[in-house]
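Visitor: Hi! Could you walk me through this one, a bit at a time?
Guide: Happy to. Let's have it up on screen.

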Amino acid sequence: MLGCAAVPRISFTSSLQRHVSCPTEQVGGTTVREALEQYFARHPQVRSYVLDEQGALRHHVVVFVDGGQLRDRSGQLEPIGEASDLYVMQALSGG
Amino acid sequence: MSDRIFVATRKGLFELRRSQGQWRIAQTSFLGDPVSLVARSPADGTLYAALYLGHFGVKLRASSDGGQRWDELTAPAFPKKPEGLEDTLPDGKPWPWRVEQIWALEVVDGTLWCGTVGGGLFRSKDRGQSWELCRGLWEHPLRKQWFGGGTDLPGIHSICPHPKNPNELVVGVSCGGAWLTRDGGEHWEVSHGMHAEYMPPELRENPATQDPHMLARCAAHPDRIWAQHHNGVFRSDDAGSRWVSIPESAPSVFGFAIAAHPSNPDIAWRVPAIKDEQRFPVDGRVVVSRTRDGGKSWEVLREGLPQEHAYDLTLRHALDVDASGERLAFGSSTGSLWVSENGGDSWMQLSAHLPPIYAVRFA
């Protein structure tokens, strides 16, 4: 049906919204990394909040793909489906 | 004399202003977020704040209106680690090429210099829009001997520019010694003369593994630099090439913070503590040590400071002196803040309830 094509979607924890604008958006790509890169191309300031300078997921950041936790933290090469939901949140740590 | 103090804490940045003889908190920024350092450009008054967002990494913000509005700058970051390059710490663990924290921030003749936990020294010539790793220091073979002191990775905590020659800098590394460049960062030499009694005998004088906690340079006599080292106090009389030991300092030689008088090279202040695992004030009494004779003797200043069951520890960036040399301020890791308006002779407590204080800077 026109207008309802399934595409992956990325959303972010509200605790990141406090620091940088990161609205939920639809993206393309076949891996988590490709989806993130598409998002960062539109919102370049978000990159350094999620990835470190070596391209790895920050130590205290986790990504859920359709409810399962991303395991390839350095490359984020895990495949995603056409209608995958990616959710970026912080690991819980004290303070 | 300066009427403004910025206090960077674990839960925000506080600005204190003096008005009609009273110091009050006039402005807060980043409440709830850790601010590791604050710096002010002497040329245009721009404020820079270094944040460490536990989950989301190191950030750098700038304000051109005195702290009302902050804009995000690019934070310093390492280049991509080359494929296949093995870079390890002395204990064999991988050296991650990652900025863990901004630990030194100075504006020198329009250039921003930034030292980091992670071991990188960075500079920006476009006011924090982009950064360049100072490869002259990073690629020096002795860098591989550095190790972390209290942190997993070594860190550059002090950047002391020569006031008359912006190409001449001395930086302090924990644990990696003091380093000197005379050509704006192309070439570096490690300075000699520090020693570390706590190391195995054969390593005690290795200049590249010393643990200077903080360096402070006299602005008017830049050959004079003070070092509060893990082992005690050292002094350089030749712009950081060599260090001489100051063997005695009341009431103890240990501490983190040290401040140099801006015009009198023989005056310095420090906030001592018990060495070296306990790290609280001797006998539970908060004091400031002051020398006025180049380190030969030290006065213990205690008027206005708590003298009973006080366990305030002052971290390396949490003591500052203003351009007059008369006003000083220091804060503690338990959230107390004091100011002196007479060179340290007496002190007033401005707060006992701030978050843990990382850095204190007059502006």
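Visitor: Let me start with one residue: is B:Pro207 buried or exposed?
Guide: B:Pro207 counts as buried, at 15% relative accessibility. Buried means under 20% relative accessible area, exposed over 50%, and partly exposed in between, using a 1.4 Å probe and protein chains only.

Visitor: Before we go on, what are the ground rules here?
Guide: This is a predicted model, where local features need pLDDT of at least 70 and side-chain atom pairs count only at pLDDT 80 or more, while totals for chains, interfaces and linings use all residues. Residues are numbered from 1 along each chain as its sequence is written, chains are lettered from A and ligands numbered from 1 in the order in which they are written, and side-chain values use heavy atoms, with hydrogens and water left out.

Visitor: Back to that proline. Where is the place of B:Pro207, and what is B:Pro207 in contact with?
Guide: B:Pro207 sits in the chain B loop between strand 15 (189-190) and strand 16 (212-217); strands (E, at least two residues) and helices (H or I, at least four) are DSSP runs numbered from the N terminus. Neighbours within four places in sequence aside, B:Pro207 is in contact (heavy atoms within 4.5 Å) with B:Gly176, B:Gly177, B:Val190, B:Ser191 and B:His192.

Visitor: Switching to the interface: how many residues of chain B are in contact with chain A?
Guide: 22 residues of chain B are in contact with 19 residues of chain A. The two chains bury about 1600 Å² between them, 44% of it on carbon and sulfur atoms. Buried area here is the accessible area (1.4 Å probe) that two parts lose on being put together, summed over both.

Visitor: Which residues in chain B lose the most area to chain A?
Guide: They are B:His55, B:Phe56 and B:Glu72, which together make up 43% of what the chain B side buries.

Visitor: And how many salt bridges are there between chain B and chain A?
Guide: Two. The term stands for a side-chain nitrogen of Lys or Arg within 4 Å of a carboxyl oxygen of Asp or Glu. In one of them, A:Asp52 pairs with B:Arg98, with the closest N and O atoms 3.7 Å apart.

Visitor: Where do B:Arg98 and A:Asp52 lie?
Guide: B:Arg98 is in the loop between strand 7 (71-73) and strand 8 (101-108) of chain B, and A:Asp52 is in the loop between helix 3 and strand 3 (61-65) of chain A, so the pair joins two chains. B:Arg98 is partly exposed at 27% relative accessibility, whereas A:Asp52 is buried at 10%.

Visitor: What about salt bridges over all chains: how many are there?
Guide: A search of the whole structure finds 28. One of them links the side chains of A:Arg47 and A:Glu37, at 2.5 Å from N to O. A:Arg47 lies in helix 3 (residues 47-50) and A:Glu37 in helix 2 (residues 32-42) of chain A, so this pair ties together parts 10 residues apart in sequence. There is also a network of salt bridges linking B:Arg224, B:Arg235, B:Asp237 and B:Asp266.
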